[in-house]
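Biologist: Let us read this model together, one question at a time.

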Amino acid sequence: MSCFSSADESAHYGFSVCMLLEQYRSQLNWETDGVVELGTGDATAIGEVVNALPALRVRGFDISAPSVETARANIAARGIADRYTVELGDFFDQADSAGGPPVSTVISNPPYIPAPDRDILMPELWGGVHGNDLVLQLLKAGYDNVIAAVASYSDPEATVRTAEDHGYRVANFLAMGLDFGPYSNEPKVRRQIERICAQGRGWAGTDGYMVAVALFTRNPDVPGDRADQLLRSLQIRV
Ligand SMILES: C[S@@+](CC[C@H](N)C(=O)[O-])C[C@H]1O[C@@H](n2cnc3c(N)ncnc32)[C@H](O)[C@@H]1O
């Protein structure tokens with residue numbers, strides 16, 4: 001097992017989370033409640049955000065032991081261990097277990113690699129057959145605000161429609177094109193991506209795909225719904 005490594009993707013995730021937290025600071029209430037994170041990785045992406053936002057507290061979880069070890073070292077090196085913690089284990093088993101005040105916002109660059117089974121380069125990145133199992137699980141977990149990365153080849157329309165079925169609107173998002181990296185370029189994964197796109201359930205180009213980090217919210221104080229714009233930014237026809 002190794003640690004997830006994809007500099008462009010992590011930078012886009014961190015930058016987007018920072019911007020969305022800033023933009024919706026008063027409505028999301030994170031200064032009081034903090035946020036939880038599914039999948040800390042090496043913690044560099046959100047470490048920068050914790051540095052940039054002095055009122056932010058993040059409680060992260062990761063199922064990968066090497067990632068947690070690296071994350072803790074990176075967090076300590078940045079001097080932010082009082083505001084960014086990471087625990088080893090499945091987010092869905094642990095996030096609600098500590099008691100204390102309920103947290104209304106979860107952030108995540110979730111695993112979204114689609115494949116017929118979990119036997120891929122980094123099994124912790126498996127997102128199920130269509131790649132969106134983890135984000136769907138997050139949208140069913142009861143948080144008022146879900147800030148999550150959505151990939152164009154991982155059936156994003158099903159993700160957005162499931163969000164709507166659970167009362168969420170897409171408040172805003174930041175989209176970026178990414179080149180296929182080592183995880184998405186694995187032949188078994190590329191074949192699955194081709195199948196998903198051929199079924200009309202996703203989009204990928206010859207060399208890359210799109211990712212958007214979106215704020216899904218059920219908070220009536222956050223106006224608007226950019227669901228169709230999000231899908232169009234991911235090259236999905238709506
Ligand atoms: C795409 S990586 C993102 C890492 C980091 N947030 C970043 O953007 O650089 C997804 C991470 O989620 C972790 N993960 C997968 N399933 C998880 C689960 N059920 N609970 C907690 N972490 C999980 C993986 O081990 C991996 O480190």
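**Loops and helices**

Biologist: Is Ala43 buried or exposed?
Modeller: Count the neighbours. Ala43 has 30 other C-beta atoms within 10 Å. With C-beta atoms placed from the backbone, a residue is buried if 20 or more others lie within 10 Å of its own, exposed if 12 or fewer, and partly exposed in between. Ala43 is therefore buried.

Biologist: What pLDDT do local features need?
Modeller: Residues are numbered from 1 along each chain as its sequence is written. This is a predicted model: totals for chains, interfaces and linings use all residues, side-chain atom pairs count only at pLDDT 80 or more, and local features need pLDDT of at least 70.

Biologist: Which phi does Ala43 have?
Modeller: Most residues other than glycine have a negative phi. Ala43 is not a glycine, yet its phi is positive. It sits in the loop between β1 (35-38) and α4; helices (H or I, at least four residues) and strands (E, at least two) are DSSP runs, numbered from the N terminus. The phi of Ala43 is about 75 degrees.

Biologist: How does Gln235 count: buried, exposed or partly exposed?
Modeller: Gln235 also has a positive phi, near 70 degrees. It lies in the segment after α10 (227-233). With 18 other C-beta atoms within 10 Å, Gln235 is partly exposed.

Biologist: At what angle do helix α4 and helix α5 pack?
Modeller: Axes are lines fitted to C-alpha atoms, for helices over the stretch in contact, and angles run from 0 to 180 degrees between N-to-C directions. The axes of α4 (residues 44-52) and α5 (residues 65-78) are 10 Å apart. α4 and α5 are roughly parallel (under 35 degrees; over 145 is roughly antiparallel, 65 to 115 roughly perpendicular, the rest oblique). Their angle is about 25 degrees.

Biologist: Which residues in α5 do Thr44, Gly47 and Asn51 in α4 meet?
Modeller: Two residues are in contact if their C-beta atoms, placed from the backbone, lie within 7 Å. Thr44, Gly47 and Asn51 meet Asn74, Ile75 and Arg78.

Biologist: Is the crossing of α1 and α4 left-handed or right-handed?
Modeller: α1 (residues 7-23) and α4 pack at about 30 degrees, with axes 8 Å apart. A crossing is left-handed if the near helix is turned anticlockwise from the far one by less than a right angle, and right-handed if clockwise. The crossing of α1 and α4 is right-handed.

Biologist: What do the end C-alpha atoms of helix α9 span?
Modeller: α9 (residues 187-198) has twelve residues. The expected span is 1.5 Å times one less than the number of residues. That gives 16 Å, and the model agrees. The end C-alpha atoms are apart by 16 Å.

Biologist: Why are the buried residues of α9 placed on the same side, and what arc do they cover?
Modeller: Val189, Gln192, Ile193 and Ile196 of α9 are buried.

Biologist: Which exposed residues does the face of α9 turned away from its buried side carry?
Modeller: Pro187 has 7 C-beta neighbours inside 10 Å, so it counts as exposed. Ala198 is exposed too. That face carries Pro187 and Ala198.
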